[in-house]
Amino acid sequence: MIDAKHYNFAFLDEGSKREIRRSILKAVAIPGYQVPFGSRELPIGRGWGTGGIQITLSIIGKEDILKVIDQGNDDSVNAVNIKKLVGECTDVEVTTDSEEATIIQSRHRIPEIPMRNDQILVLQVPTPEPLRIVEPKESVTKQMHAEAEYSGMWLSLFEDLTQYGKISISSEYPVMVEDRYVMNPSPIPRYDNWKLNDSETLYLFGAGREKKIYAIPPHTKVVSMCFEDVPFRTEDFEGKHCRLCGATGVYLDELIDEATGEKVYECNDTGFCKKRRMRGKNSMQTENMQRGE
Amino acid sequence: MEKPVLRIDHLTVRYGKTCGYCRNGGKLNKNTCPHCKTVWACNDVNVSLYEGEILGIVGESGSGKSTLMKSLYFDFGITEGRGYLKDFHDGEEDIFSQSLQQKKYIKNHIMGMVYQNPVLGLRMDYSSAGNIAEKLIAAGNRNFRKMNERVTELLDAMEILQSRKKEPPKNFSGGMQQRVQISKALANNPKILLLDEVTTGLDLSVQARVLELIRKIHQEFHISIMLVSHDLAVIRMLADRTIVMLDGKIIEQGLTDQILDDPQQPYTQQLVHSLL
């Protein structure tokens, strides 16, 4: 059991937090550029969100309200444990409500509600380097970014279209930031890519294992890479809705109903779905009260 | 007087620290300084390539032929010298002192290169269509349909079946790999084509097919070609003019027939007689 009094506020020592904040500032100053940082040891394995946690721990203040989601879910093992760690080392309030939170740490999703400029979204990134699929050497990819040499990335899209007739990337779809850097938007689905463009909020990306931080500040131009005659497409949920809250126009999970064996859909963002259901229940209760039932 | 499409002045590529002896023109042991062991891979080379001509470069292994070609394509950094292209700032600016971006522009728009070893010029795990498209992408093309059409056109011209378009070059024979490389080099209609030992290692019938293709390209596209080979039969068949290199230096140059029928230098005479 972690006891806050045995640790510095937000687990890391002040020097570490300051250094990470400096890297964050540099990342904000150069949108899409991967800033190296000294990734610290944490009581959590590499690959379990250590990059995101270090960013969260470095920026969190006593007044902040934290939300952690993993693949859209507030209650997954990873999300619960991160919430526990940060919560107990800081005594900050934790929430499942995206509107209430000031810092949202996420893996694989951007919340469905439009984010505000008083919020920060921290994304955990497993592979920050978008060019890794075309070039295995770090020294070469660095040079490629410096020279804006992205033909390899375009070639991989061309190759996909030639082999499969469509671009087969489902998540981590590369984006061009401010017409300068190609960036990996973390494993968010293509569906969330548009939310990065001209956003109100600050996005911070942390890769603990790869020791990189990068950022998209508010109102930054972020364009998903695509050819002039082959437009970028997101996942299509046309005609489908959440079976729990009835929402349409949101990212849905496809499930198989055990009883009927049929495909059913549920909101991927569980906090959003829960809130919609609560609102529905409340409005029904108000309606019933008004009717005197 | 006609302006050359490419002019190289005093090109030197050396590896090592150099010493007073070799810097002042002391006699080298082949291309290596006997004192400081500096290797003079190319030593004060001057070359001009004229519009529509095929310039052959011959010489034994280690004579500096490939170093010259790779330096021209910016694969190697040079030690000294200047280069001018008619299609780059009207031949007024030295290409070797340009920025990386400008060098990339020259590589993608003005020159095309075919290497002796296809591994250097192709991505063996990507489709042949992708390999050709890479050059188009590098030149700034972002229209998939147009690039695909150009790939189809080039594969047809190189007599590669459309059904093999999606296959990676690693599945191809040596001759086919070279034809994919040539297609890639021609993708952006370059003014100059650099061919570095393109037929070496191929069997005779495949060699003949590749050479015939080069002749066809030269006639159809009216392109200027620099052709490196240590095979004098290839040079006799294709080259209008020939330069002979030995130990990093040009020792003789002239019309191909003149060089091969009436060689002046002892090394050239030996080279020609060993052929005959």
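1. Helix 5 and helix 6 of chain B are oblique to each other, because their axes cross at roughly 120 degrees; angles under 35 degrees count as roughly parallel, over 145 as roughly antiparallel, 65 to 115 as roughly perpendicular and the rest as oblique. The axes of helix 5 (residues 128-138) and helix 6 (residues 144-157) of chain B come within 9 Å. Axes here are lines fitted to C-alpha atoms, for helices over the stretch in contact, with angles from 0 to 180 degrees between N-to-C directions. Helices (H or I, at least four residues) and strands (E, at least two) are DSSP runs, numbered from the N terminus.

2. This is a predicted model, in which local features need pLDDT of at least 70 and side-chain atom pairs count only at pLDDT 80 or more, while totals for chains, interfaces and linings use all residues. Residues are numbered from 1 along each chain as its sequence is written, and chains are lettered from A and ligands numbered from 1 in the order in which they are written.

3. Helix 5 of chain B passes helix 6 of chain B in a right-handed crossing (left-handed if the near helix is turned anticlockwise from the far one by less than a right angle, right-handed if clockwise). From helix 5 of chain B, Ala129(B), Ile132(B), Ala133(B) and Leu136(B) meet Met147(B), Arg150(B), Val151(B) and Leu154(B) of helix 6 of chain B. Contact requires C-beta atoms, placed from the backbone, to lie within 7 Å. By class, this contact has seven nonpolar, no polar and one charged residues; Ala, Val, Leu, Ile, Met, Phe, Trp, Tyr, Cys and Pro count as nonpolar, Asp, Glu, Lys and Arg as charged, and the others, Gly among them, as polar.

4. Helix 5 of chain B also packs on helix 7 (residues 174-186) of chain B, at an angle of about 30 degrees and with the axes 7 Å apart. The two are therefore roughly parallel. The residues in contact are Ser128(B), Asn131(B), Ile132(B), Glu134(B) and Lys135(B) of helix 5 of chain B and Val180(B), Ser183(B) and Lys184(B) of helix 7 of chain B. By class, there are two nonpolar, three polar and three charged residues in this contact.

5. In strand 6 (residues 192-196) of chain B, five of five residues are buried (20 or more other C-beta atoms within 10 Å of the residue's own; exposed if 12 or fewer, partly exposed in between; C-beta atoms placed from the backbone). Ile192(B), Leu194(B) and Asp196(B) lie on one side of strand 6 of chain B, and Leu193(B) and Leu195(B) on the other. Strand 6 of chain B pairs in the parallel sense with strand 5 (residues 111-114) of chain B over four bridges, and five bridges join strand 6 to strand 7 (residues 224-228) of chain B, again parallel. Pairing needs at least two DSSP bridges between the strands.

6. A separate point is the open sheet of three strands in chain B, in the order 2-1-4 with antiparallel pairing. Strand 2 (39-49) and strand 4 (80-85) of chain B each have a single partner strand, so one side of each lacks a neighbour in the sheet. The twist averages 15 degrees from one strand to the next.

7. In chain A, nine of the ten residues of helix 2 (residues 50-59) are buried. Between the chains, 13 residues of chain A are in contact with 15 residues of chain B.

Terms used
Contact = placed C-beta atoms within 7 Å.
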